[in-house]
Amino acid sequence: MRFKLLLFVSMFVALSGYPQAKDNPLTLWYTGPAANWNEALPIGNGHAGAMVFGGTEKELLQLNENTLYSGDPSVVFKDMKVTPEALEQVVSLLKKGEYGKANDVVSKQWLGRLPQYYQPFGDLYIESNQKGAVTGYKRELNISEAIARTSFTQNGIVYTREIFASHPDRVIVIRLTGSSRNSIDVNVRFDGPHPTASQKSENGRLVYRGKAPGYVERRSFEQIEAWGDRYKHPELYDREGNRKGNKRVLYGAEIDNKGMPFEAQLTPVFPGKGETVLTEEGLRIFHTDEVYLVVSLATGFNGFDKSPVSEGVDPSEKAGKVLENALKYNYRQLKQRHSEDYKSLFDRVTLRLPSAKAQKALPTDERIVRFAENPDPELAALLYQFGRYLMISGSRAGGQPLNLQGMWNKEVIPPWNCGYTQNINSEMNYWPAEITALPECHEPLFRLIKELSVTGGETARNMYNRRGWVAHHNTSIWREAVPVDNVPAAAFWPVAQGWYGRHLWEHYLFTGDEGFLWDEAYPILKGAAEFFADWLVDNGEGYLVTPAGVSPENVFIPENGEHAALSMGPTMDMAIVRETFSYTIRAAGLLGVDAGFCAELREKESRLLPYRIGSRGQLQEWMLDFREADPKHRHISHLYGLYPGDQITAETPELFKAAETSLMLRGDEATGWSMGWKINCWARLLDGNHAYRIIANLFNPIGFGEKRGRSAGGGLYKSMLDAHPPFQIDGNFGYTAGVTEMLLQSHAGYIQLLPALPDVWPEGSVSGLKARGNFELSCTWANGELREATLRSLAGNPCRIRTSVPVAIYKGKTEIARSAPVGSNGKTYYEALFPTGKNEWFELVVL
């Protein structure tokens, strides 16, 4: 066994460069063009992106730039106040069980309106002037290289397109080739949904210039009026409450010239010969067999607190400079720079789950259709890495965070604003960041949190008269921190700052970066804790609770039989408050600051309402043992302490069992993103087979295949994008995080290898995963058991590791520790504790 392990380690080190790209490219591929947007393939560079359709006569790239939003800071509605009198009234009503009346007070006095909307940029068309039947068609997205390709034969000529979005050069590059001389003859043009946009010929470039809406509202006039919310929408109603018009998407003069300007510039480059004709109608390219197009996109965005009209940057100048810099490189250099940058992130983690050759030979959509009846582990691994691809493509330093659709959106009024839904979805997008070795991709979210703490500080002072900062369930690029409209079930949730604080604290736990903790994390953690410390009240039983809150989007049935959402101290609120106090105290101790404030937090932490177990053996979702109006509700917010939190583990057996009962009661069918959450929860419950049952449900073909939508709930589109439905990208990230949790966990004070391995994956290997304490791990398994593992200590912390089989720990040729049996949750595991040095490697040898 010792010889085998050394051989494995040497092979791992030798192949840790680009193993997937060279030997086994990870590729989504299809035998026909995308029939609709959900079937197109996403590319992105963390700033700009496109959905690539792969048409033969007409190729379409639907474009996005992740700062293009409607509105500006001036359209944020802030006229709400939680007065002491209103708060006392709400608490009194809730204590008396008059939930409907409390709901009415909150709805009328404490809610605002929706934030603004992420916008599509435009469409780029490449239309062929060649006619003839097409054969040999293939459309693919190689996620080992982050390159989309389309190839087909027409009139005996093989045509190929190669498309990528370069992060180093901030451009989209499209290479067209034909196998015969002068075989390319295409027209290139821009179009799009914004009536303000048009294309022009300027300085030898095709330019597309426009302006986003200055205001967008997806609520109907009838909804706004029924809620009595006319006064919240001065863009739509005059002072007497009369409609100003019949539009809810306002451009230019309709909205005082508000709206973010944007511009794209495109230049063709011929490595050899070729001709162009550039007019206002577009660009014709002909008499060539090879050309590549370089496209830059820019907007006037200049910060969350600045109007893009009066204080914005010039998108023409910005797009021009980006394009000029990119044109310094030829195609080979652009591709190489893109590839090296992308691979430096993507190749950190590999996952091998073998499938049969016959399965691997099928197109991706056919494999999805067959997944439920014929387990396809390699396809599961492909979806796992697709999540990492989407994160690298959609979230890079300096860009905006991933929103509900990542960065890919075609609608002017997209579902749920295509913004940041902060009661699960925005956070789920970043669950894989640390554990799959992509901490750099976390930066845009950290910046959002920092900016939101500014507007949230204003909201805490002006709306609540509290210290610190607060955020609710939705925001946009303008960092709205106030509640949205409609009903409290979603809108009134003043604890988002606590969940966001977990991301900052987790980054510290994974990296040990004390500079980050001091400069970035701690001020934000402290501000969240300050708000909570001021927000808590006594529940009448001697416990401190949040005075009014919800279990996001769920509804309960109290004794009077009415349906209600608002109550005191819902379980998720208390879990978030408890952990916020805990990690703020720990961070302050590490930094040696704020002893007095920490004493306040400790005292209040000791009086927080504890978890409660209900009459069905379930973890209660609310302070009282209410029945859910929808027992199968998609949100499982009361399980926050199980995942993503760490308050419920196998070392808290009663709560552990109660969490399992709650999951069983919720059921397995769900929306796409909800399945992502459930995979993580079942993994934390150490039940790999149940986690896999949810995975099998997720491979539910939506909108294609003979067995399309074979079960209720969400699934996958042909493109492997997650279907809520509609498309929400969070399910992709929830899945990737969940599979990682099945293979490695480190939240409970120790590292556990293969904690929830399902029977359907009896053999495989993974490399490069990260654990808290700044450890990097790799392992192989066979017959469902660990065979070999390596551990690298990047910070020199002591390591406590748990496995299902006994192991010896080697440093070089010397055994330094040997695991001993431990009991946990009725099972026997093996644990070893040993010291490490910075950048030291260790081997785990199965005994």
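**Close-up views of a predicted model**

**View 1. Aromatic pairs, with Phe77 and Tyr231 as the example.** Across the whole structure, a search finds 39 aromatic pairs. Rings of Phe, Tyr and Trp (its six-membered ring) pair if their centres lie within 6.5 Å; planes under 30 degrees apart count as stacked, over 60 as edge-to-face and the rest as tilted. Phe77 and Tyr231 form an edge-to-face pair, because their ring centres are 6.1 Å apart and their planes stand at 70°. Phe77 sits in the loop between strand S4 (58-65) and helix H3 (84-95), and Tyr231 in the loop between helix H5 (221-226) and strand S14 (249-250), so the pair ties together parts 154 residues apart in sequence. Helices (H or I, at least four residues) and strands (E, at least two) are DSSP runs, numbered from the N terminus. This is a predicted model: local features need pLDDT of at least 70, side-chain atom pairs count only at pLDDT 80 or more, and totals for chains, interfaces and linings use all residues. Residues are numbered from 1 along each chain as its sequence is written, and side-chain values use heavy atoms, with hydrogens and water left out.

**View 2. Helix H19 against helix H20.** H19 (residues 653-666) and H20 (residues 672-684) pack at an angle of about 145°, with their axes 11 Å apart. Axes are lines fitted to C-alpha atoms, for helices over the stretch in contact; angles run from 0 to 180 degrees between N-to-C directions. Phe656, Glu660, Leu663, Met664 and Arg666 in H19 meet Lys678, Cys681, Trp682 and Arg684 in H20. Contact means heavy atoms within 4.5 Å. The contact residues divide into 5 nonpolar, no polar and 4 charged. Ala, Val, Leu, Ile, Met, Phe, Trp, Tyr, Cys and Pro count as nonpolar, Asp, Glu, Lys and Arg as charged, and the others, Gly among them, as polar.

**View 3. Two cis peptide bonds in one loop.** The bond from His724 to Pro725 is cis, with omega near -15°. The bond from Pro725 to Pro726 is also cis, with omega near 5°. Pro725 is found in the loop between strand S27 (722-723) and helix H22 (730-743). Pro726 has its place in the loop between S27 and H22.

**View 4. Backbone at Asn417.** Phi of Asn417 is near 70°, a positive value in a residue other than glycine. Asn417 lies in the loop between helix H10 (377-394) and strand S20 (420-421).
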